[in-house]
Each structure stands twice: as C-alpha cells, then as structure tokens.
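The following paragraphs go through a two-chain model, taking each chain in turn and then the contact between them.

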Amino acid sequence: MLLFRSEEHAKVWREKAKPPASSVLTIEQATGLAHAWYAKKLDPDWSRFTNEEAEAIFDDLGLDPTFWRLS
Amino acid sequence: MNDAEADRAVRIAIARSIQTRGKIPTIAAVAEDMGLGVASVDASFARMIEGRVFIPRRDSHEIYAYDPFCVGPTDFFVTTANRVWFGICAWDALGIPAALGETGVLETHCADCGEELVVEVDADGGTDLQTWTVMQVGVRPRDFWRDIHFT
C-alpha cells in the first residue's frame, strides 16, 4: 500500500508497475481504514476481524465491494 | 494454562513492550519479561504466525511486523510524542497513531515521483488537509496473505 501525491501520480505508477489489482483510496478513507483496523491492536482482548466484520468496515468507508470483498 | 491463554499472555507482553519500550520484542525478550522458557514462547509465536497475528521474519518465528508496527527501517516512518516508528506500508503507518492513541506524523514519499509526503493523523483517525493524497492498494484483500511479504 503506497501513497501518491494525487490520483494522477497513482495512475502513472500503475501503468508502469502493473499491480495485480487496484483500489485507490482518498487519504480520508485511508486514515479511516487504518483507524478502524488498528485502534484496538494493543488491547488485551484484541482479536482478528472476521470476514463479516472486515467487510462491514470496508462498506462503511464506501470502498468498492468488487475489490474489497473477502469471500 | 492452555495454548489460547498462553498466547493471550504473550500477546499482551508484546503489546506492553511496544507501548513502554517503543520496540517490537524478540522471542528471548518476551521469555525474559514473562519468566518463561524460550521454547514455550517460540511455540506461542509459531501459533500466532499460523493465526496471522503478526508477520514473521523470513524463515524465522521472530516478528517482522506486529501490524501496524514494523521492525523497520521502511519508507513509512511515523513520529509520535517521543518516538519514531516504522510501518510496513501506508495502511499500517497511518494506523500507528490509532494503535497508540496518540497523534502522529507520517513521513514517506510519493511512490511515483519521490516527492516527500507528510500526513498528520490524530488518535481518532482524523487527518489534516491532504486533499489530493491517495493510497493505492495493489492486491485484493482476500489475497493479502497468499504472499504476505509481497503484499
């Protein structure tokens, strides 16, 4: 997961690097995802998200389900 | 203590080391902190690798990334009140302030042109104005663990 100055820079990189798939998040979506994913990581009762929990996070952030679906 | 209880205790020791020492501990360090034998902690680490709790170093049970924290160095470093941390990728680096409950500043570079990018993130996941900055994810989430070191 890489950061780019803009969508245009991400597009130029994709044309060169040809990643196996692609989803571009705004910085607000990215920070929201990172917060939802890791806010409890150091808590004693942390556990991995189930697929359903993870997909709910992706959906709440408005991420493309065709890319972000886990099952 | 069964395996699940032992793994929880080891996980708590790892988290405590990150929070208090600012570093990801080795198997030997966790064993010393907990007053346990290295073999039993090593076995716990192996179970947690199987359970995808953390990313190991190649050919080892030692931690490479206890996400969002990485032993580093990487091109994604985050400065909080009194420490510098490394993330394995942008997603993780942006999650370090959240995991610590602190504001942090991520410094990295545009993967296309190399220009420095700086993003301030507060403990609640809010960010300063970075209208044009985007994060590119190049592997579908369902494939992340197929080759986690590539991901």
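The model is predicted. For chain A, with 71 residues, a compact globule would have a radius of gyration near 11 Å, whereas the chain has 14 Å. The C-alpha trace of chain A spans about 40 × 25 × 20 Å along its principal axes. Of its 71 residues, 34% are buried. Chain A contains four helices and two strands, and read from the N terminus its elements follow the order β-α-β-α-α-α.

Chain B has four helices and eight strands. Its elements run α-α-α-β-β-β-β-β-α-β-β-β from the N terminus. The globule rule gives 15 Å for 151 residues, and the radius of gyration of chain B, 17 Å, is close to that, so chain B is as compact as a globular protein of that length. Along the principal axes, the C-alpha atoms of chain B fill a box of roughly 50 × 35 × 25 Å. Buried residues account for 36% of the 151 in this chain. Among the contacts in chain B with a separation of 6 or more, 31% are between residues 24 or more positions apart.

One helix of chain B can be followed in more detail. Helix H2 of chain B covers residues 27-34, and its residues B:Ile27, B:Val30 and B:Ala31 are buried. Viewed down the axis of H2(B), the buried residues fall within an arc of 100°, so they line one face of the helix. The elements covering these buried residues include H1 and helix H3 (38-50) of chain B. After H2(B) comes B:Gly35, which has a positive phi, near 65°.

The two chains also meet in a sheet. Three strands form an open, antiparallel sheet in the order E1(A)-E8(B)-E2(A). Its edge strands are strand E1 (2-4) and strand E2 (23-26) of chain A, each of which pairs on one side only. From one strand to the next the twist averages 30°. Helix H1 of chain A, residues 7-17, packs on this sheet and touches E1 and E2 of chain A as well as E8 of chain B; the direction of the helix makes about 25° with that of E8(B). Helix H2 of chain A, residues 27-38, packs on the sheet too, touching E2 of chain A and E8 of chain B, with its direction at about 90° to that of E2(A).

The pairings themselves can be listed strand by strand. E1(A) and E8(B) run antiparallel and are joined by three bridges. Four bridges join E2(A) to strand E8 of chain B, residues 134-137, again in antiparallel fashion. Within E8(B), B:Gln136 is the bridge partner of A:Leu2, and B:Gln136 is also the bridge partner of A:Val24.

How many residues does each chain bring to the contact? Chain A and chain B bring 37 residues each. On the chain B side, helix H1 (3-21), helix H4 (90-100), strand E7 (116-121) and E8 each supply at least two residues. H4(B) gives the most to that side, with six residues. By class, the side of chain B that touches chain A has 22 nonpolar, nine polar and six charged residues.

Notes. Residues are numbered from 1 along each chain as its sequence is written. Chains are lettered from A and ligands numbered from 1 in the order in which they are written. This is a predicted model: local features need pLDDT of at least 70, side-chain atom pairs count only at pLDDT 80 or more; totals for chains, interfaces and linings use all residues. Two strands pair if DSSP finds at least two bridges between them. Axes are lines fitted to C-alpha atoms, for helices over the stretch in contact, and angles run from 0 to 180 degrees between N-to-C directions. Two residues are in contact if their C-beta atoms, placed from the backbone, lie within 7 Å. The radius of gyration is taken over C-alpha atoms; the globule rule is 2.2 Å times the number of residues to the power 0.38. A residue is buried if 20 or more other C-beta atoms lie within 10 Å of its own, exposed if 12 or fewer, and partly exposed in between; C-beta atoms are placed from the backbone. Ala, Val, Leu, Ile, Met, Phe, Trp, Tyr, Cys and Pro count as nonpolar, Asp, Glu, Lys and Arg as charged, and the others, Gly among them, as polar. The arc is that of the directions from the helix axis to the C-beta atoms.
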